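Hi there,

Here is the structure I promised to pass on.

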Amino acid sequence: MCVSPLRALALLAVAAALAGCATTAKPVKKGPDPLHVAMYGPQPEERFPLPGMDISRVNPKYFRQLVAYQTAEPAGTIVIDTQDRFLYLVQDGGMALRYGIGVGKAGLEFEGGARIGRKAEWPRWTPTQNMIAREPERNLKWAGGMEPGLTNPLGPRALYLHKDGKDTLFRIHGTSEPWSIGKAVSSGCIRLFNQDIIDLYGRVPTGSRVVVLQHHAPVDEPMPMAAADGLTPPAAI
C-alpha cells in the first residue's frame, strides 16, 4: 500500500509526540545552598584546623541568618531564647543576626542579664562539680581540665558570662557535637556550631550585655544574609 508523503509526515509527527509523552525526565536533585556550604566550610587557618561541617542533615532554620527582630534591647546585645533554641545578636533597625543553639541543664539554670566577662580562643575545658556529679563516667577523668582541640567540648571559642563581678559559670561556646544544635542535651550551657561561635566571637567585645530568656517566643522573619550590608559572615563570601 502506498502512503502519500503528506500522510507519512503526519504519522511521523504523531509517533514523535507519543514518544515525547512516554519520556519522563528525572527530577534534578537540589544540593545544599552554596552560601551555607561556604559559611560552614573548613577554616584551615585556625590554631587547630577546623574541618567543614556536614550540613546535609541540619534544619535550615538553625543556620546563621539575618532576621527581623523586635526587642527593646540596644544593638550589640546578645539575647538567648532557650525555649526556641536561638541566640540573637541585636542590630540596628529592628534586625538581628540569629544563630541556632543547643541548650543543656546548665543552660536552663540561668535567667536574666549578665555581661561577657572574658573571651577565650581555643579554651581549656574543666567540668563543674555538678557536671561531674551528673555524669561521673564521662566527666570525672577531666576534673583537672582538658586541653584545647577539636574534641574539646567548648570548641574553638568561648564567652564567659559574669554578673555583679562574679563568674556565673554560664558559657556560650562551640561544640564538638554539631548534631546537638536545636536540642536540649544532658549537660553544658549554650552551644553553637563551631563556625558560628567563631563568627559571634569576632562581633562582640568583652563587656557586651547578654540577656537570657527562658520562656519567651520571639517574632522573627528570616532574610537573606546578602541583605545585611557589612554583616556577611567571613566564611560566606
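**What I found**

Let's start with Ile80: leaving aside residues up to four places away in sequence, Ile80 touches Phe86, Leu87, Ile101, Phe170, Ile172, Ile190, Val210, Val211, Val212 and Leu213. Contact here means heavy atoms within 4.5 Å. A word on the source: this is a predicted model, where local features need pLDDT of at least 70 and side-chain atom pairs count only at pLDDT 80 or more, while totals for chains, interfaces and linings use all residues. Residues are numbered from 1 along each chain as its sequence is written, and side-chain values use heavy atoms, with hydrogens and water left out.

**The cores**

Ile80 is also one of the residues with the most contacts inside the largest nonpolar core, which has 25 residues; the others are Ile78, Leu87, Ile172, Leu192 and Leu200. A nonpolar core is a set of buried Ala, Val, Leu, Ile, Met, Phe, Trp, Tyr and Cys residues joined through side-chain atoms within 4.5 Å. Buried means under 20% relative accessible area, exposed means over 50%, and partly exposed is in between (1.4 Å probe, protein chains only). Among the elements giving two or more residues to this core are strand S2 (78-81), strand S3 (86-90), strand S7 (157-163), S8 and helix H5 (194-203). Helices (H or I, at least four residues) and strands (E, at least two) are DSSP runs, numbered from the N terminus. There is a second, separate core of 16 residues, and it includes Met39, Phe63, Val79 and Ile181.

**Around S8**

S7 and S8 run antiparallel and are joined by six bridges; two strands count as paired if DSSP finds at least two bridges between them. Leu159 has Ile172 in S8 as its bridge partner. Two residues sit between the strands of this hairpin, and Asp164 takes a positive phi near 55° there. S8 also pairs with strand S10 (residues 190-191), this time in the parallel sense over two bridges, and His173 stands opposite Arg191 in S10.

Thr175 is in the loop between S8 (166-173) and strand S9 (184-185). Is Thr175 buried or exposed? Thr175 counts as buried, because its relative accessibility is 3%. A polar atom of the Thr175 side chain lies 2.9 Å from the backbone nitrogen of Glu177. Not counting residues up to four places away in sequence, Thr175 touches several others, including Ser180, Ile181, Arg191 and Asn194.

H5 is mostly covered, with eight of its ten residues buried. Asp196 and Asp199 are among those buried residues.

The structure holds ten salt bridges, each being a side-chain nitrogen of Lys or Arg within 4 Å of a carboxyl oxygen of Asp or Glu. Asp196 forms one with Arg64, where the closest N and O atoms are 2.3 Å apart. That pair links distant parts of the chain, 132 residues apart, with Arg64 in the loop between helix H2 (34-39) and S1. Asp199 forms a salt bridge with Arg64 as well, the closest N and O atoms being 3.6 Å apart. Arg64 counts as buried because its relative accessible area is 2%. Arg64, Asp196, Asp199 and Arg203 are linked in a network of salt bridges.

Another salt bridge is between Arg124 and Glu147, with the closest N and O atoms 2.1 Å apart. Arg124 is partly exposed at 40% relative accessible area, and Glu147 counts as exposed at 52%.

Cheers

Note on methods:
Polar contact = N/O pair within 3.5 Å; in protein donor to acceptor, adjacent residues only side chain to side chain.
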